[in-house]
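Please follow the model below through its loops, its helix packing and its charged pairs.

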Amino acid sequence: MGRGLLVGALTILFAAPVAAQRVEVTLQEAVRRALGVQPAMVQARGDQRNAGASSRSAFGAFLPSVTTGASAARSNVGRIDATTGRPVPPEYSYTGSLNLSLQLFDGFQRFANLKAASATSNAADAGAVNQRFQITLATKQAFYNAIANEELVRVADAQVRRARQQLQISIDKLHAGSATRSDSLRSTVEYGNARIALLQAQANLATAEANLGRQIGVDALVRAIPDTTLPAVPDTADLRRTALESSPAVEQAQAQASAARAQVWSVRAQYWPSLIVSYSNNRQGTGSPNFPLFSGYPWRFGVSWTVFNGFSREASQVSASVNRDVADARAADTRRQVNALITQNLAALSTAVEQINIAKDNLAAATEDLRVQNERYRVGAATILDLLTSQAALTQAEVNVVQTRFNYLIARAQVEAVVGRTL
């Protein structure tokens with residue numbers, strides 16, 4: 001009895017601050033928060049920004065580069081003119097420069113780089129979409145796990161109430177002489193096991209709510225607010241074709257393969273000559289500069305052609321070709337992987353739907369069986385073992401109902417993650 005009071009006191013002691021720190025969120029709010037704080041999503045958005053900057057840089061390669069500079073100085077010390085012998089006051093000196101350079105031909109390297117940058121940008125966009133659905137899946141898993149564990153706590157609490165009730169019935173029958181001491185002892189063991197199961201369920205719930213809090217960026221336990229209705233079974237008739245054509249993972253892999261192919265053409269440009277036109281004008285003098293400062297048109301044209309560079313171009317060509325082959329293989333494998341995943345997830349989804357119906361029927365049967373066994377035990381027509389077996393069957397049926405609902409929700413979220421759209 002003293003041990004029970006100690007456990008109860010500790011439970012109250014630790015549960016009070018935990019309950020005060022709990023935050024409640026809906027599924028939509030949890031997903032929104034997770035997309036804003038998860039490092040993988042931040043990285044995906046950063047990849048998009050980097051890809052956009054690379055595209056602008058690839059386009060900027062078609063524009064001339066311009067550099068300019070100017071400086072002016074005044075001496076604080078006068079001098080003596082060597083011709084006239086007269087003192088000359090301090091003078092200003094200045095310099096100015098303007099340089100322009102434009103590459104007219106580079107073996108089509110800039111066009112290849114522009115195509116590669118565009119493909120990389122598409123890959124980054126697809127990667128961001130893919131990462132968004134992956135984080136959404138992880139958030140839904142944490143959210144539904146918290147809901148399932150909360151329901152399992154209620155199941156364990158109901159198990160404790162039934163075990164306590166049965167223990168009291170066994171004690172009453174023992175006092176009345178219609179039951180043996182073994183019945184009360186078995187009921188005591190069952191009650192203790194039910195309390196242990198309840199404590200474990202509460203610990204699992206705290207862990208699930210802490211994990212949900214971490215997923216959405218909250219430094220506290222987060223309670224998932226369940227929806228009142230179970231999401232409807234989606235129409236899966238056209239999901240396979242949609243997944244193979246527009247899955248974010250497939251689009252990302254194909255864009256990466258396109259970028260790798262463009263890099264092969266970019267490397268081949270090293271075998272071509274390059275033609276550059278440049279303009280350079282530099283001025284310097286003393287006194288005040290005359291405007292316009294930069295007059296004249298000193299244009300220059302230059303041609304360069306690397307004839308041999310110790311097989312460095314060949315090594316770059318081989319490396320780019322290898323990267324292209326690997327990217328093509330990955331794109332094909334990603335398509336096959338998506339096909340396998342959609343098959344697996346659709347099978348899991350249809351199985352989960354059937355399991356829900358079976359679990360509901362089993363729950364109804366187990367509830368009725370326990371009611372019958374309770375009445376039979378009261379009148380002495382059933383043993384305590386029959387009753388405990390029925391109680392265990394009911395508890396397992398309740399757990400199965402919770403688990404099958406969880407399996408259905410997760411399977412549905414996994415299908416959404418593969419397809420890349422909300423069902």
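Phe311 lies in the loop between strand S8 (299-304) and helix H8, where helices (H or I, at least four residues) and strands (E, at least two) are DSSP runs, numbered from the N terminus. Phi of Phe311 is near 65 degrees, a positive value in a residue other than glycine. Most residues other than glycine have a negative phi. At 55% relative accessibility, Phe311 counts as exposed; on this scale buried means under 20% relative accessible area, exposed means over 50%, and partly exposed is what falls in between, with a 1.4 Å probe and protein chains only.

The model is predicted, and local features need pLDDT of at least 70, side-chain atom pairs count only at pLDDT 80 or more, while totals for chains, interfaces and linings use all residues. Residues are numbered from 1 along each chain as its sequence is written, and side-chain values use heavy atoms, with hydrogens and water left out.

Phe108 likewise has a positive phi, of about 65 degrees, although it is not a glycine. Phe108 is placed in the loop between strand S5 (92-105) and H4, and its relative accessibility of 45% makes it partly exposed. Phe108 also contributes, together with Phe111, Tyr271 and Trp272, to a nonpolar surface patch of about 450 Å². Such patches are made of residues with over 30% relative accessible area and no salt bridge, like charges being joined within 9 Å and nonpolar side chains (Val, Leu, Ile, Met, Phe, Trp, Tyr) within 5 Å; the accessible areas come from the Shrake-Rupley method with a 1.4 Å probe, and for residues only the protein chains shown count as cover.

The helices H4 and H7 are themselves packed together: helix H4 (residues 109-176) meets H7 at an angle of about 165 degrees, and their axes are 8 Å apart. H4 is therefore roughly antiparallel to H7. Here axes are lines fitted to C-alpha atoms, for helices over the stretch in contact, and angles run from 0 to 180 degrees between N-to-C directions; angles under 35 degrees count as roughly parallel, over 145 as roughly antiparallel, 65 to 115 as roughly perpendicular and the rest as oblique. The crossing of H4 and H7 is left-handed, a term used if the near helix is turned anticlockwise from the far one by less than a right angle, whereas right-handed applies if the turn is clockwise. H4 also packs with helix H2 (residues 27-37), at an angle of about 135 degrees and with their axes 9 Å apart. H2 and H4 are therefore oblique to each other, and their crossing is right-handed.

What holds for the charged side chains? The structure contains 16 salt bridges, a salt bridge being a side-chain nitrogen of Lys or Arg within 4 Å of a carboxyl oxygen of Asp or Glu. One of them joins the side chains of Asp106 and Arg110, with 3.3 Å from N to O; Asp106 is buried, at a relative accessible area of 7%, and Arg110, at 9% relative accessibility, counts as buried. Another links Glu398 with Arg162, whose closest N and O atoms are 3.4 Å apart. Glu398 lies in helix H9 (residues 384-419) and Arg162 in helix H4, so this pair ties together parts that are 236 residues apart in sequence. Both Glu398 and Arg162 are buried.

In helix H8 (residues 312-378), Arg371 and Glu368 are three residues apart and thus separated by about one helical turn, and their side chains meet in a salt bridge of 2.5 Å, N to O. Arg371 is partly exposed, with a relative accessible area of 45%, and Glu368 is partly exposed as well, at 39%. Elsewhere, salt bridges that share partners join Glu24, Glu150, Arg154 and Arg223 into one network.

Two further pairs can be traced by their C-alpha atoms. Leu221 sits in the loop between helix H5 (181-216) and strand S6 (222-224) and, at 13% relative accessibility, is buried; its C-alpha is 4.7 Å from that of Ala210, eleven residues apart in sequence. Ala348, in helix H8, is partly exposed, with a relative accessible area of 33%, and Ala348 and Asn407, 59 residues apart in sequence, are 8.1 Å apart in space, C-alpha to C-alpha.
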